[in-house]
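Please keep the sequence and the structure in view while reading.

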Amino acid sequence: MLRDTSGQDIKIEQPHFNKKRIMQIALVLIVIISVIGYAAPKFNSMFSSDLTVAAERLRFATVERGNLQRDIGVQGQIVAANSPTLYAKAPGIVSLFIKAGDTVTQGQKLAEINSPQLRNRYEQELATLDQLELEVGRHQIEIKTSQLNTQQTIEMSAVNLEAAEVNKNRAEISIKDSLISQKEYEEKIAEYKRALLAHRHAKQNFDLQKESMAFELKRKQSQLDRQQFVVNDLKRQVQELILIAPTDGIIGSVSIREKDNVAANESLITVIDLSVFEVEVNIPESFADDLGVGLASEISFNGENHMGQIVAISPEVNNGQVKGRLRFNENGIANLRQNQRVSARILIESKENVLKVRRGPFVESGGGRIAYVVNGDNAIRTSVNLGARSIGEIEVVAGLQAGDQIVISSLDLFNSRDQIYLTK
């Protein structure tokens with residue numbers, strides 16, 4: 001009897017698609033599709049860009065509208081506003097009574113110059129002055145004497161004229177009565193005329209001598225006055241041989257040594273007045289034309305800010321810089337010392353409601369004509385026109401709008417590419 005084939009049969013398991021398996025596959029598909037949907041634009045953006053740069057290596061800023069304070073930053077140092085230097089008024093041997101660093105008060109004797117040449121000249125001119133004073137006095141006496149003599153002459157001529165006039169009148173009466181001859185009458189008339197002429201000449205001579213002597217007295221008085229000026233000037237120079245402290249302060253420097261032989265107009269001692277300080281700053285030459293006396297400034301040191309203003313700008317340019325002086329608006333600022341380093345911000349002008357952005361290296365690296373505007377994951381090269389600059393901000397004249405985000409880092413990294421992909 002044949003057996004059936006049931007012993008050769010093998011049970012085949014039917015594929016089993018349960019619900020959980022289907023959900024897992026669907027979830028994977030959704031994730032894959034989402035990743036592709038999210039990454040596709042980025043890959044498209046990345047492959048369409050000219051260069052890829054990590055965003056963390058860059059700095060960004062947003063263009064906004066507001067007020068712009070145009071300013072420049074400078075470095076400087078505290079200096080004494082008043083530091084007079086004393087010079088030698090004449091050549092001679094100097095004797096010192098102080099040394100560098102000493103504290104002095106106004107009027108204190110600092111040094112003395114022994115100048116025999118100047119003192120001798122002063123004594124000579126003083127003797128000449130005395131001589132001229134004597135001459136003027138003697139001339140005044142001569143004038144009085146001469147005037148007295150001339151006055152006597154006038155009076156004598158007046159007496160003679162009066163006598164001659166009496167004789168003339170008698171002769172005129174006598175000639176009518178034929179008591180005198182015609183000759184005698186004519187002699188009396190001639191005598192009267194001589195007396196009259198002598199009296200007139202005496203008065204004219206008096207006036208002429210008076211004018212002449214007054215002129216001569218004026219000339220001598222002028223010489224005396226001139227000599228007085230010479231003596232006064234030399235007296236001042238002699239007094240200035242003693243060097244006096246012009247103000248309270250300290251001795252900043254002593255340029256000579258004890259018993260040195262100094263020349264005229266040689267600098268000797270500098271006195272520093274510590275009551276008033278200013279700031280001496282170095283200003284780039286390119287900003288010199290924009291600055292002027294009276295511009296406001298902000299001076300920073302020791303973590304404090306103090307307002308000031310420009311009080312002087314040197315016209316001399318040295319190594320591309322000019323020197324300026326800033327003065328504090330307030331007095332009595334504590335903790336100031338000579339040669340202390342400070343920083344200052346000079347306010348040039350203020351612009352209201354302008355388009356501006358934070359300043360960065362992109363200004364210099366882009367020549368002020370290029371900026372990269374952030375658009376999604378890309379930075380697009382854009383032509384811009386920049387205007388007024390301050391320490392922290394710069395004016396945008398054209399090429400950008402408020403709300404634009406730009407790269408303010410150096411643009412050298414972009415190699416002048418048009419589109420940069422920014423990775424996170």
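Is phenylalanine 414 buried or exposed, and what is its relative accessible area? In this predicted model, phenylalanine 414 has a relative accessible area of 0% and is therefore buried, since buried means under 20%. The points below place this residue in its aromatic pair and then turn to other parts of the chain.

**Aromatic pairs and a charge over a ring**

- The count of aromatic pairs comes to two, and one of them joins phenylalanine 301 to phenylalanine 328 in an edge-to-face arrangement, with 6.3 Å centre to centre and 75° between the planes.
- This pair links distant parts of the chain, because phenylalanine 301 belongs to strand E12 (residues 296–301) and phenylalanine 328 to strand E14 (residues 321–328), which puts the two 27 residues apart; both phenylalanine 301 and phenylalanine 328 are buried.
- Tyrosine 372 and phenylalanine 414 also form an edge-to-face pair, at 4.6 Å centre to centre and with 70° between the planes.
- Tyrosine 372 sits in strand E16 (residues 370–375), whereas phenylalanine 414 sits in the loop between strand E20 (405–407) and E21, so the pair ties together parts that are 42 residues apart in sequence.
- Elsewhere, lysine 168 lies over the face of tyrosine 192, at 4.9 Å from the ring centre.

**Helices and the coiled-coil annotation**

- After H2 comes serine 178, whose phi is positive, near 60°.
- An unreviewed UniProt entry places the feature "coiled-coil region" at residues 115–149 and 182–237.
- In the model, residues 115–149 are 97% helix and 0% strand, with end C-alpha atoms 52 Å apart, while residues 182–237 are 100% helix and 0% strand, with end C-alpha atoms 82 Å apart.

**The largest nonpolar core**

- The largest nonpolar core contains 28 residues, and those with the most contacts inside it are Leu110, Ile113, Leu268 and Ile269.
- At least two residues of this core are supplied by each of strand E5 (92–96), E7, H2, helix H3 (182–239) and strand E11 (267–284), and the largest share, five residues, comes from H2.
- As general background, nonpolar side chains tend to be buried together in soluble globular proteins.

**Strand pairing**

- Four strands form an open sheet in the order E8-E7-E5-E10, with antiparallel pairing.
- Strand E8 (242–244) and strand E10 (261–262) stand at the edges of this sheet and each have a single partner strand, so one side of each is left without a neighbour in the sheet.
- Within the sheet, strand E7 (residues 109–114) pairs with E8 in the antiparallel sense over three bridges, and lysine 109 stands opposite isoleucine 244 in E8.
- Strand E21 (residues 419–423) runs parallel to strand E1 (residues 51–54), to which it is joined by four bridges, and leucine 51 stands opposite isoleucine 420 in E21.
- E21 is also joined to strand E17 (residues 378–383), here through three bridges and in the antiparallel sense; the bridge partner of asparagine 378 in E21 is tyrosine 421.

Methods:
Residues numbered from 1 in each chain as written. Predicted model: local features only at pLDDT ≥ 70, side-chain atom pairs only at ≥ 80, totals over all residues. Heavy atoms only, no water. Pairing = 2+ DSSP bridges. Phe/Tyr/Trp six-rings, centres within 6.5 Å; stacked < 30°, edge-to-face > 60°. Buried < 20%, exposed > 50% of the residue type's maximum accessible area, 1.4 Å probe, protein only. Lys NZ or Arg CZ within 6 Å of the ring centre and 35° of its normal. UniProt positions renumbered as here; feature names shortened; annotations may be inferred. Core = buried A, V, L, I, M, F, W, Y, C linked by side-chain atoms within 4.5 Å.
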